[in-house]
Amino acid sequence: MSLRRWTVTLLAAFVALLTIAPLLWMVSVSFMARGEASQFPPPLLPDSPTLDNYRMLFGTFGVGRFLANSVLVSTLATILALLFTVPAGYAFAKLRFRGRDATFRMLVAALVVPGQIGMLPLFLELKAMGLVNSYAGALVPWLAGIFGIFLVRQYCLSIPDEMLEAARIDGASEGQILRRVVLPILTPIIVTLALFVFLASWNDFMWPLIILADQNLYTLPVALAAMSREHVQDNELMMAGAVVTTLPVLILFLALQRFYLSGLLTGSVKG
Amino acid sequence: MSTIGRQSEARAGWGMSAPALTAIVIFFVVPALASLVLSFTDFDIYALADLSNLRFVGFQNYERLIENPLFWKAMGNTLWFVVLGVPFVVGLSLFAAMLVNSRWLKWRPVWRVALFAPYVTTLVATAVVWRYLLHTRYGLVNYLLSLFGIAPVDWLGDPHASLPAILIFVGWKTFGYNMIIFLAALQTVPRELEEAARIDGAGWWTRLRHVTLPAIAPTVLLVSVLTVAAMFQLFAEPYVMTQGGPAQSTVTILYFMYEEGFKWWNLGSGAAVAFLLFLCILAVTLVQLKLAKRGGAI
């Protein structure tokens, strides 16, 4: 019994170590002196840890700018996505209006259409609007978050109707009900959704690559991809760049993983 | 309830959903439909400069694609990603889920979070990390292989190894997500059922085949549908790790579409690729659903 416990736990520990090894290795190499990692066999730990790569990254390569761009774009994407999807999700769950169910069915059907299908026309559309090469252009896909509406709606279905009716009888307007009654109940799912959108927009690559032409506007992933094409040999530098790019989302995920994992299940296992 | 109440509720309903619906129509529905229209035009860099250069060309884009060997190469590569990648990723995720679900396991949440970590990291950054791990001369992967006496593999430089190399990366990156979905399904399988099979003398493999898998069949289907779609949407991996090479062995459909559209500015032809991509995903998903229905999984 106890032997079995240890066998299974050791196996899990081994698999877990194997899984996070690339991330640990990335951190380790980022502290190595230039050229140190280009040896065989590769050193596991830096000989004398240095911050040179980070200094170079922020000094010579101006990564601070890309970091700020990423923070700005992801924060705005999160706020906008919440402003657009939360009221809609609530309305689809709890407010009776003509055409509601048919509209929602169409939205669910649209979930199977991958966003990349419309990328070329969307580019042309935004070009006509003058939004190519702007943060606004980068934010546009996050406004149309069908998945977010779906997630909020699922959660809202559990709100008892009596509660809303009582507020109506007390003379509250629909807007007041949303703000004062519904939003406090929705806090967990709003945190979850905010986390989803923030992580997804932070990690997104293809759309910012297409829409942002000006280097000064690059988000971290786009900047990192561009840098790694020019500096294929500078492994230590690239690992530091990878750390700067992944660390914020990893920390955010670790801090809020309870919300994230439960939200994943509300969203994916549709019964 | 009063009619006025009803009316204000309906007004509020439309009012609250209108901003999101408008955004969805303008930034999602219209572009997706326009993709189909665009695919019948010769939209290129000249039309981009002056719309009067735009002409409808019927099925010309599709005909050209069919004659383009690189398009077929991209299609073939993507199919390989699906054929090899789906069983690989689904198997890996199921294994991880069963491990984390094991009742003998201690400190369960720690392992769950560790196994999930790659999924939340930035794709481009981890692709850069893996490009380095897979380096022929001083990559950690070849070093580990050398401990077992295996000669160095030119992972990203050999056309036969490049696709499996990217698949290993993709498997590592995504199995945590599917693991969570499997975990939820496994927790609904009654323990007594497994216990009964165990008492009847069924081994681990027999229990997996006759008890666990049938019980979670719908989830296996869901995960494979999601994985097929993900395999059809590979882009950043080849973009960062191989630039489609070597010998175009990692050009995926989406990579091809990106180059058609934003490198050569053949937006009409790129839209045709996008539309075909959609048809492929739809077709594969429908076939999977059909097979699952016949097999009694759903």
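Predicted model: local features only at pLDDT ≥ 70, side-chain atom pairs only at ≥ 80, totals over all residues.
Me: How many aromatic pairs are found over all chains?

Reply: Searching the whole structure gives 35 aromatic pairs over all chains. One of them joins A:F123 and B:F262 and is edge-to-face, with 5.1 Å from centre to centre and 75° between the planes. This pair crosses between chains: A:F123 is in helix α5 (residues 119–128) of chain A, and B:F262 is in helix α13 (residues 253–263) of chain B.

Me: Are A:F123 and B:F262 buried or exposed?

Reply: Both A:F123 and B:F262 are buried.

Me: What is the geometry of the pair B:W130 and B:W172?

Reply: The ring centres of B:W130 and B:W172 are 5.4 Å apart and the planes stand at 50°, so this pair is tilted. The pair links distant parts of the chain, with B:W130 in helix α6 (residues 123–133) of chain B and B:W172 in helix α8 (residues 159–186) of chain B, 42 residues apart. Both B:W130 and B:W172 are buried.

Me: Which residues do ring pairs link into a cluster?

Reply: A ring can belong to a cluster as well as to a pair. The cluster linked by ring pairs holds A:F123, A:F205, B:F235, B:Y239, B:Y255, B:Y258, B:F262 and B:W265.

Me: How many salt bridges are found over all chains?

Reply: Side chains of opposite charge can pair when their charged atoms come close. In this structure, a search of the whole finds 14 salt bridges over all chains. One of them is formed by A:D161 and A:K94, with the closest N and O atoms 3.1 Å apart. A:D161 lies in helix α8 (residues 161–169) of chain A and A:K94 in helix α3 (residues 63–94) of chain A, so the pair ties together parts that are 67 residues apart in sequence.

Me: Why does A:K94 count as buried?

Reply: Compare the relative accessible area with the cut-off: buried means under 20%. A:K94 counts as buried because its relative accessibility is 10%.

Me: What about the salt bridge of A:E174 and A:R168?

Reply: The side chains of A:E174 and A:R168 meet at 2.7 Å, N to O. A:E174 counts as buried at 7% relative accessibility, and A:R168 is buried with a relative accessible area of 14%.

Me: Where in chain B are B:R55 and B:D42?

Reply: Begin with the contact, then find each residue along the chain. The side chains of B:R55 and B:D42 meet in a salt bridge of 3.0 Å, N to O. This pair links distant parts of the chain: B:R55 is in the loop between α2 (45–49) and α3 (60–67) of chain B, and B:D42 is in the loop between α1 and α2 of chain B, 13 residues apart. B:R55 is exposed, at 52% relative accessible area, whereas B:D42 is buried, at 19%.

Me: Which residues do salt bridges that share partners join into one network?

Reply: The network consists of A:R96, A:E165, A:R168, A:E174 and B:E9.

Me: Which residues does B:R55 touch, not counting residues up to four places away in sequence?

Reply: On that count, B:R55 touches B:F40, B:T41 and B:D42.

Me: Which residues form a nonpolar patch on the surface?

Reply: The patch consists of A:M129, B:V25, B:I26, B:V29, B:V30 and B:L33, with about 470 Å² of accessible area together. Among them, B:V25 is found in helix α1 (residues 3–38) of chain B and is partly exposed, with a relative accessible area of 42%.

Key:
Residues numbered from 1 in each chain as written. Chains lettered and ligands numbered in written order. Heavy atoms only, no water. Patch = residues over 30% accessible without salt bridge, like charges linked within 9 Å, V, L, I, M, F, W, Y side chains within 5 Å. Areas by Shrake-Rupley, 256 points an atom, 1.4 Å probe, with all protein chains shown as cover. Salt bridge = Lys/Arg side-chain N within 4 Å of Asp/Glu carboxyl O. Helix = DSSP H or I, 4+ residues; strand = E, 2+ residues; numbered from the N terminus. Buried < 20%, exposed > 50% of the residue type's maximum accessible area, 1.4 Å probe, protein only. Phe/Tyr/Trp six-rings, centres within 6.5 Å; stacked < 30°, edge-to-face > 60°. Contact = heavy atoms within 4.5 Å.
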